[in-house]
Amino acid sequence: MQTDVLIIGSGGAGLTSALHAHKNGATVKIITKEYPTRAQTSMAQGGINAVLDTTNDSIESHIKNTLHSAHGIADEKAINFLCSEAPEAVKWLDSLGVCFSRTKNSTIAQRTLGGASAPRACYAQDYTGLKILHTLYDKVVQTDIEILNERYLLEILTHNNSVNGAKVLNIRTGEIESYSAKSIIIATGGYSRIYDKHTTNSTASTGDGIALAFEAGARVSDMEFIQFHPTALKNSSILISESARGAGGYILNSKGERFTDELLPRDEVARAIHKEIAKGEDIFLDIRHLGEKFIDEELPQERKLAKLYENIDPVHQLIPIKPVAHYTMGGIEVDHNSQTKVKGLFAVGECANHKVHGANRLGGNSLLELIVFGKQTGQNSAKYAKNITHQIAIKSSQKRVKLNTTPTIDFYKIREELGEIFYKNVSILREKKILQLTLQKIENFIKDIPNMGITDNSQIYNTNRIEFLEFKNMLLLSRLVLIGAIAREESRGAHFRVDAPEEKESFIKQIIIDKEGVIK
Amino acid sequence: MKVTIQRETPTEFEVKGVENITLLSLLNTIKTTQDSSLTFASGCRSSVCGSCSMRVNEKEVLACSYKVQEGDFIEPLKNMPVIRDLVVNMDSAYEKNKKAKAWLSSIIQNSSLTQEDEKINELQSDCILCASCYSTCPVFSVNEDFLGPFTLTRVWKYVSDKRETDEKNMIDVIQTDGIWSCTLCNECTLVCPQDISSKADIEKLRSKSAMAGYSDPNFNSFGGFGFDGSPVF
């Protein structure tokens with residue numbers, strides 16, 4: 001049966017758009033490669049930005065901070081929309097039952113994150129994303145929206161540049177299933193896993209939806225802008241939230257000296273740390289002076305994670321840290337209605353580029369983006385579906401995914417190598433020649449794909465196959481990141497070129513790529 | 001490091017030169033270097049996504065937060081159908097949230113919650129749905145329709161929420177195959193990676209139910225559970 005709105009991905013963006021599409025009268029189906037509550041959204045700790053009280057803050061300040069952090073290449077109209085809708089978004093979440101932390105005056109508590117001029121991030125201890133995600137999930141369960149778990153997107157089906165369905169792999173059975181739909185929302189998250197072990201992200205953040213939307217004819221933009229979070233645990237890349245610095249944490253080098261303003265935007269703090277590391281310094285986050293009571297009250301997860309993964313207790317010891325890939329600003333190019341170049345294909349969340357983050361995302365704006373644009377995408381996709389009265393039926397396709405089962409190259413090794421190369425060459429400091437050499441390397445990996453494949457031949461829950469398909473998507477996206485990073489011959493936000501260390505006026509624009517290459 | 005993993009049959013794996021690593025890290029090493037068919041789920045690596053719950057030496061753990069030990073015996077969660085190796089199908093377990101109507105039924109704009117109100121269900125809202133509690137719960141062996149620990153904790157989360165105005169409806173739903181089916185054995189509490197006690201939440205739901213006029217059906221009939229938690233017939 002044909003669905004009005006088919007949503008691929010079930011994190012905060014997918015679930016929010018599902019609720020709004022449903023509310024607007026559409027039949028909705030959600031497809032996820034995991035289960036909804038396992039999404040990357042669960043890992044967002046710091047908070048969601050919204051100006052709730054205009055005594056000491058204003059929507060104008062929120063807009064100003066966001067624009068400043070974006071370094072001139074954001075869409076001002078989109079940012080105005082994001083910040084103006086923010087208070088409503090938080091109120092909506094509150095009405096659904098999100099357990100936000102409260103103040104003594106019984107209002108929603110807010111804290112200061114990097115780059116913000118006021119305490120603006122609403123939070124639920126350091127489990128903000130987790131609690132938002134689970135509450136959204138419960139609300140979706142309340143409806144008749146169908147959730148299909150453990151299905152992996154293989155192809156977005158189109159006819160005359162309009163979507164008409166999706167082909168997915170049922171991970172449990174190994175069978176290919178096709179779903180007919182009037183409109184499709186891609187809400188599959190970012191691509192930080194390109195950096196393999198040098199990212200805070202879930203193993204699922206492999207950018208599948210971006211790669212497949214691109215293949216289906218959508219454009220991508222700002223792919224070169226990848227945010228490095230300054231404070232990940234040194235050995236495991238596990239995130240220590242920015243709220244640790246917001247609360248007054250220090251960043252120290254081996255000599256115990258502070259060397260940067262901890263509350264600068266993430267790109268600046270990450271670069272400052274990178275420079276110290278290059279000098280041979282070890283870097284630490286120090287929250288000892290905040291005291292045990294405060295840490296247990298406000299940062300309980302950070303204490304637990306530091307103990308578990310670094311064997312240290314931040315109440316008494318320094319936390320060893322390094323910057324790692326955390327958020328991908330770029331993604332599927334969308335218009336002001338969240339629609340891509342393919343008719344009926346919408347995108348929202350980290351996989352989409354609404355141009356509200358520009359060259360560097362502000363902490364607390366990503367959860368916000370999910371809710372604000374999730375609503376808009378849900379409404380628009382429902383509206384679009386309503387106007388489709390006739391659609392070409394999708395053709396039934398093959399039953400199984402065919403992959404090379406006698407590979408001569410181990411893709412797991414290449415996946416690890418890709419991560420190492422990207423962390424070294426396409427991270428905080430970049431250089432033209434090295435980027436070009438890296439692109440060459442990636443092109444070679446892509447050429448080698450026919451020699452890679454799977455060694456597990458089972459149809460049932462074959463994660464070797466899923467990981468290989470994810471890896472192929474990541475290779476495609478790595479290429480796009482490099483094309484963007486080479487084309488942007490300047491430094492801006494998270495993209496810093498040592499061979500062109502200044503911002504250039506000629507680059508106050510997006511680098512947009514489609515299958516033909518960079519769009520002039 | 002040698003460990004045994006319950007696949008179709010128990011299978012021993014050895015990874016040399018590792019110590020003080022998480023079980024998830026060990027499983028990843030085995031998968032990428034020894035046996036690509038080893039099947040398990042994982043996600044965040046930081047104990048919030050609930051993907052990698054499994055059993056080690058008969059106790060539920062998150063593979064990403066458990067430091068693997070020499071000789072460990074690793075198997076999938078119980079009470080849910082095994083799909084392959086360490087992966088179980090959680091669909092029917094999660095369905096119980098729907099059956100129990102575990103959501104906020106009233107939508108109230110601009111509610112005013114105090115810090116104390118917020119603390120009432122702060123812990124319950126830390127749940128990551130890893131289903132460790134579901135796996136360890138002994139009730140399922142006699143009643144597979146039991147709503148189960150995480151669902152009842154979720155119900156308590158919403159019942160106790162000051163924003164919920166239709167408490168009665170929620171309490172009604174959990175009378176059958178719900179709070180009275182629990183043996184209060186406390187196994188769920190012992191395995192919860194988030195330190196939630198579903199047992200305690202169920203007890204709170206019982207007193208709410210008593211206030212709403214319900215009573216323990218096990219005391220009114222011949223069937224039910226004995227004081228030691230074992231079923232009596």
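Predicted model: local features only at pLDDT ≥ 70, side-chain atom pairs only at ≥ 80, totals over all residues.
**Entry 1: chain A as a whole**

I started with the secondary structure of chain A, and the tally is 13 helices and 19 strands. Next I looked up its extent: the C-alpha trace spans about 65 × 55 × 45 Å along the principal axes. I wanted to know how that fits with a compact globule. For 520 residues the rule puts the radius of gyration near 24 Å, and chain A has 22 Å, so the two agree. Buried residues account for 59% of the 520 in chain A. I also checked who touches whom along the sequence. Taking contacts in chain A between residues at least 6 apart, 75% of them join residues at least 24 apart.

**Entry 2: where chain A meets chain B**

How many residues does each chain put into the contact? I found 39 residues from chain A and 43 residues from chain B. On the chain A side, the elements giving two or more residues are helices H3 (76-96), H4 (128-142), H9 (300-310) and H13 (463-487). H4(A) gives the largest share, with six residues. Sorted by class, this side of chain A has 14 nonpolar, 14 polar and 11 charged residues.

H13(A) got a second look from me. From first C-alpha to last, its 25 residues reach 36 Å, close to the 36 Å expected at 1.5 Å a residue. Is H13(A) mostly covered or mostly open? Mostly covered, I noted, as 20 of its 25 residues are buried.

**Entry 3: the two domains of chain B**

Over to chain B, where the domain assignment gives domain 1 (2-88) and domain 2 (91-232). Their C-alpha centres lie 29 Å apart. The contact between them takes 14 residues from domain 1 and 13 residues from domain 2. Strands S3 (53-56) and S4 (59-62) of chain B each supply at least two residues of the domain 1 side. The largest share of that side comes from S4(B), with three residues. By class, the domain 1 side divides into five nonpolar, five polar and four charged residues.

Then I zoomed in on those strands. S3(B) and S4(B) run antiparallel and are joined by four bridges. B:Ser53 stands opposite B:Leu62 in S4(B). The strands form a hairpin with two residues between them, and B:Asn57 in the turn has a positive phi of about 50°.

I looked up another case, B:Lys101, whose phi is near 55°. B:Lys101 is in the loop between H2 and helix H3 (115-120) of chain B. Is B:Lys101 buried or exposed? It has 20 other C-beta atoms within 10 Å, so B:Lys101 counts as buried; the cut-off for that is 20 or more.

B:Asp177 also has a positive phi, about 55°, although it is not a glycine. This residue lies in the loop between helix H6 (167-173) and helix H7 (187-191) of chain B. B:Asp177 has 18 C-beta neighbours inside 10 Å, so I wrote it down as partly exposed.

**Entry 4: B:Tyr94**

Last stop, B:Tyr94, which sits in helix H2 (residues 91-99) of chain B. With 22 other C-beta atoms within 10 Å, B:Tyr94 is buried.

Conventions: Residues numbered from 1 in each chain as written. Chains lettered and ligands numbered in written order. Contact = placed C-beta atoms within 7 Å. Nonpolar A, V, L, I, M, F, W, Y, C, P; charged D, E, K, R; others polar. Expected span 1.5 Å × (residues − 1). Buried ≥ 20, exposed ≤ 12 C-beta atoms within 10 Å, placed from the backbone. Rg over C-alpha atoms; globule rule 2.2 N^0.38 Å. Domains from an automatic or database assignment. Pairing = 2+ DSSP bridges.
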